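Subject: Structure handover

Hi,

Here is the structure I promised to pass on to you. Have a look at it first, and then read my notes below.

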Amino acid sequence: MGLFDRLKGDDAPRVAFFGIDGVPFSLIDEHPDVFPNLTEMASDGSAGPIDSIVPPESSACWPALTTGVNPGQTGVYGFQDREVGSYDTYVPMGRDVQATRLWDRVTDDGRNATVLNVPVTFPPQRNVQRMVSGFLSPGVDKAAYPDELRDHLQDSDYRIDVNAKLGHDDDKSDFVEDAHKTLEKRYEAFKHYVEQDDWDLFFGVFMTTDRVNHFLFKDYERDGENQEAFFEFYKQVDAYLGDLRDRLPDDVTMVVASDHGFTSLDYEVHFNEWLQQEGWLDYATDDHSELGDISEDTKAYSLIPGRFYINLEGREPNGSVPESEYESVRADLKEKLESLEGPDGKKVADRVVTKEDAFRGDHDDIAPDLTVVPNHGFDLKAGFKGSEDVFGVGPRNGMHSFDNATLMVDDPDVRIEDADLYDIAPTILDLLDHDFDRAKFDGSSLA
């Protein structure tokens, strides 16, 4: 449905969704001077903190948010997933998402969708009006469809992502400058296509917020040297969102959400090193660098973030744990993970979740047997090159959290208490007056 159709009398409601990747609700709620526009939106509509998913990792979160179902149905569990019946791993892309996206439901209804910079959407779909893929896309030339969108973005020096390597420098000035430029280009693209007024669902994501949080969040929470730069960046985020809100027609409901929360990072936890030291993981060669190098003596291994797999006979190529021992071995590992403490004496795990409690669906064959949801301060890693120490410190000072994600809807009749990420998709469909089978979703409409 385009502008001409609306002029003919079609008054179906529309939604504009703006993702702010990794922005915790408390950041907005506690700093109205930094977020005057979002504070006004919250006052006029509905806003609050929501829970993310297990695991709270962007590659798993955005497919869940845009489909309303858990990783057992999307088929995406994290930045790196394991092939069925193999130790080979791959980086999930858009084609690996097995559940129905919001915009697919909209287009099936004969309506139009503009989808900009959503993580895990490469290559761009051709059944929507326009799409530029986000995080993990190789470049605008291959990530944008149709040609009109590609040409416009290239002509305006659009950026898919910030240069995160700059964040590794002690001096964050170049990183912050790059983050502002990336944010500006994203805003300019959003503004241009918001004003096209030929969409029924606008779905765009600011991911630079997540990048800034990874390298500056502890400065914010603990009065570090980059706290002012952190606040200045977020004042700009708020200004851009306020401007976009002002540009939306009256028949559009604005939704702002993050895919997970954020907190300060104190220790990286190298779980495969811990497994090796505890006698759970063994390698066939000294020069190990990947999952395929583990030996038959291995009982368990880990993938980021905090996902644990039992080396099960009949499932893993070198499986060493008989199926008859699976439950006891998993229970033993779960107990040890629950008791693991960091150098500061704090428990690493807030909780350890079994696959049966976290995942349901046709694609749970690659689900982790256990997933650790960490306490604040512990960032869960799982490299295979070996890290001499279980606990370490890297270039990042901020990490994802399961709690304290953000949801704001420019509608006072929406309820947000006790909500989670799975509720966003059915809520948007309700706001669009789209008929759907509520039993197909893990969440429910908040509208």
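Before the strands, a word on pairing: two strands count as paired if DSSP finds at least two bridges between them. Helices (H or I, at least four residues) and strands (E, at least two) are themselves DSSP runs, numbered from the N terminus. Keep in mind that this is a predicted model, where local features need pLDDT of at least 70 and side-chain atom pairs count only at pLDDT 80 or more, while totals for chains, interfaces and linings use all residues. Residues are numbered from 1 along each chain as its sequence is written, and side-chain values use heavy atoms, with hydrogens and water left out.

**Strand β9 and its neighbours**

Let me start with β9. It is joined by 3 bridges to strand β19 (residues 405-409), and the two run antiparallel. In that pairing, alanine 257 has leucine 407 of β19 as its bridge partner. β9 also pairs with strand β1 (residues 14-20), this time in the parallel sense and over 6 bridges. There, valine 15 sits opposite threonine 253 of β9. As background, strands of a sheet pair through backbone hydrogen bonds, either parallel or antiparallel.

How many residues of β9 are buried? Strand β9 (residues 252-257) has 6 of its 6 residues buried, so it is largely enclosed by the rest of the structure. (Buried means under 20% relative accessible area, exposed means over 50%, and partly exposed is in between, with a 1.4 Å probe and protein chains only.) Val252, Met254 and Val256 point one way from the strand, Thr253, Val255 and Ala257 point the other way, and all are buried. In general, the side chains of a regular strand alternate between the two faces of the sheet.

**A sheet of three strands**

Elsewhere you'll find an open sheet of 3 strands in the order β16-β11-β17, with mixed pairing. Its edge strands are β16 (378-381) and β17 (391-392), each of which pairs on one side only. β11 and β17 pair in the antiparallel sense over 2 bridges, and valine 269 has phenylalanine 391 in β17 as its bridge partner.

**Salt bridges**

Next, the charged pairs. A salt bridge here is a side-chain nitrogen of Lys or Arg within 4 Å of a carboxyl oxygen of Asp or Glu. By this rule the model has 31 salt bridges.

- Arginine 245 and glutamate 40 meet through their side chains at 3.1 Å, N to O. This pair links distant parts of the chain, with arginine 245 in helix α11 (residues 227-247) and glutamate 40 in helix α3 (residues 36-44), 205 residues apart. Arginine 245 is buried at 17% relative accessibility, whereas glutamate 40 is partly exposed at 44%.
- Aspartate 178 bridges to arginine 159, with their closest N and O atoms 2.5 Å apart. Aspartate 178 belongs to helix α9 (residues 173-194) and arginine 159 to the loop between α8 (147-155) and α9, 19 residues apart. Aspartate 178 is buried at 12%, and arginine 159 is partly exposed at 25%.
- Lysine 218 pairs with aspartate 266, the closest N and O atoms being 3.2 Å apart. Lysine 218 is in helix α10 (residues 208-221) and aspartate 266 in the loop between β10 (261-264) and β11 (267-270), so the pair ties together parts that are 48 residues apart in sequence. Lysine 218 is partly exposed, at 23% relative accessibility.

Salt bridges that share partners also join Glu40, Asp44, Arg245 and Asp410 into one network.

**Two more residues to look up**

Which element holds leucine 27? Leucine 27 lies in helix α2 (residues 25-29) and is buried at 0% relative accessibility. The C-alpha atoms of leucine 27 and glutamate 221 are separated by 9.4 Å, although these residues are 194 residues apart along the chain.

Glycine 48 is in strand β2 (residues 46-50), and at 5% relative accessibility it is buried. Glycine 48 and aspartate 198 are 150 residues apart in sequence and 30 Å apart in space, C-alpha to C-alpha.

Cheers
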